[in-house]
Amino acid sequence: MRETNQTQVTEFLLLGLSDDPHTQKLLFILFLGVYLITVLVNLLLMYLVQVDSQLHTPMYFFLCNLSLADFCFSTNIVPQALAHLLSQKKIISFTRCAAQLLFFLIFGCTQCAFLAVMSYDRYVAICNPLHYPSIMTWRVCVQLAAGSWTSGILVSVVDTAFTLSLPYQGSNSIAHFFCEAPALLILASTDTHTSEMVIFLMGVVILLIPVSLTLVSYSHIIVTVVRMKSAVGRLKAFSTCGSHLMVVILFYGSAIVTYMAPKSSKEQEKLVSVFYAVVTPMLNPLIYSLRNKDVKGALRKVATRNFSC
């Protein structure tokens, strides 16, 4: 449906990733498989952190929050994308589009903040191990978690407000598979320079500042690890940080390409969005769990307990 130039758009048409029916069916199968794994591994990781007392540490407390953000992030986008892959009319109301944009930004921005917090946690654990218990108290952990969620919400509200306050009175076809700020701004029937600048500045706050903090933390970590005399200690330290660093590169890299890099083709933007909106929420817990002895040990204990019953 297209509105006239004098009428405010009340719904949007999501063009999706492909017009080919066979490709859409293939994408449905792939997206469904990825989403089911995402739900399973994130809920499982949160459950293990709750039930295993050995995982009641600051690192796993933050990881549990990250898994919650991943789960909500994916659930906000993928189910609707799956429904649209099987339907002829890929329509979404303006209200639902606004809600999807807001929650997409909230959970995505919160992930950015938590990745920076987790890098600080690893910095304290490796560079100041003797003072770790006194620095990373539960009060501090709760404050850092609350600050991460709050910063994500504040940045998201600003971005959403500046995106949706623009008039949309022409085309209502979004060249994307979900409501994302860059794709929506193209449809605005007025100059979007101010909104784009605000979104860029918010990107600096929630992307570049956490990335900078993460780089500083890991530069200190690398120096400390290299100076270790024990080869076993160096290997353990790198193993502990390797999972987190891999997640940081995957998430921050794709987010910066979308929100802060020069404009690329629509197809490239959609492919990058598929990666960080669909694939990354699945990879995060898999990377942490598959490379982590504590998580695998907790899973074995839960499995043994259930089978023995």
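Analyst: Happy to! Let's start with the sheet: three strands make an open sheet, ordered β2-β1-β3, and their pairing is mixed. At its edges sit β2 (91-93) and β3 (173-174), each of which pairs on one side only. Strand β1 (residues 11-14) and β3 run parallel and are joined by two bridges. Within this sheet, leucine 13 stands opposite serine 173 in β3. As background, the strands of a sheet pair through backbone hydrogen bonds, and they can do so in a parallel or an antiparallel way.

Keep in mind that this is a predicted model. The average pLDDT of the chain is 85, and 91% of the residues score at least 70. Residues 1-5 have a pLDDT below 50, and this stretch makes 13 contacts in the model beyond near neighbours in sequence. Where pLDDT is low, predicted coordinates should not be read in detail.

Helix α3 (residues 94-127) lies across β1, β2 and β3, and runs at about 85° to β2.

α3 also has helix partners. To describe two packed helices, we give the angle between their axes and the distance between the axes. With helix α7 (residues 193-226), α3 packs at an angle of about 20°, and the axes are 9 Å apart. α3 and α7 are therefore roughly parallel to each other, and their crossing is left-handed. On the α3 side, the contact includes Cys109, Cys112, Leu115 and Tyr123; on the α7 side, the residues include Ile206, Leu207, Pro210 and Tyr218. By class, the residues of this contact between α3 and α7 are 15 nonpolar, five polar and one charged.

The other partner to look at is helix α5 (residues 138-164), whose axis comes within 7 Å of that of α3, with a crossing of roughly 145°. Here α3 passes α5 in a right-handed crossing. The contact of α3 with α5 has 18 nonpolar, seven polar and one charged residues.

Helix α1 (residues 21-51) and helix α2 (residues 58-85) have axes that come within 9 Å and cross at roughly 155°, so α1 and α2 are roughly antiparallel to each other. α1 passes α2 in a left-handed crossing, and the residues in their contact are 20 nonpolar, seven polar and one charged.

Methods: Residues numbered from 1 in each chain as written. Predicted model: local features only at pLDDT ≥ 70, side-chain atom pairs only at ≥ 80, totals over all residues. Heavy atoms only, no water. Axes fitted to C-alpha atoms, helices over the stretch in contact; angles between N-to-C directions. Helix = DSSP H or I, 4+ residues; strand = E, 2+ residues; numbered from the N terminus. Parallel < 35°, antiparallel > 145°, perpendicular 65-115°, else oblique. Left-handed = near helix turned anticlockwise from the far one by under 90°. Nonpolar A, V, L, I, M, F, W, Y, C, P; charged D, E, K, R; others polar. pLDDT = per-residue confidence, 0-100. Contact = heavy atoms within 4.5 Å. Pairing = 2+ DSSP bridges.
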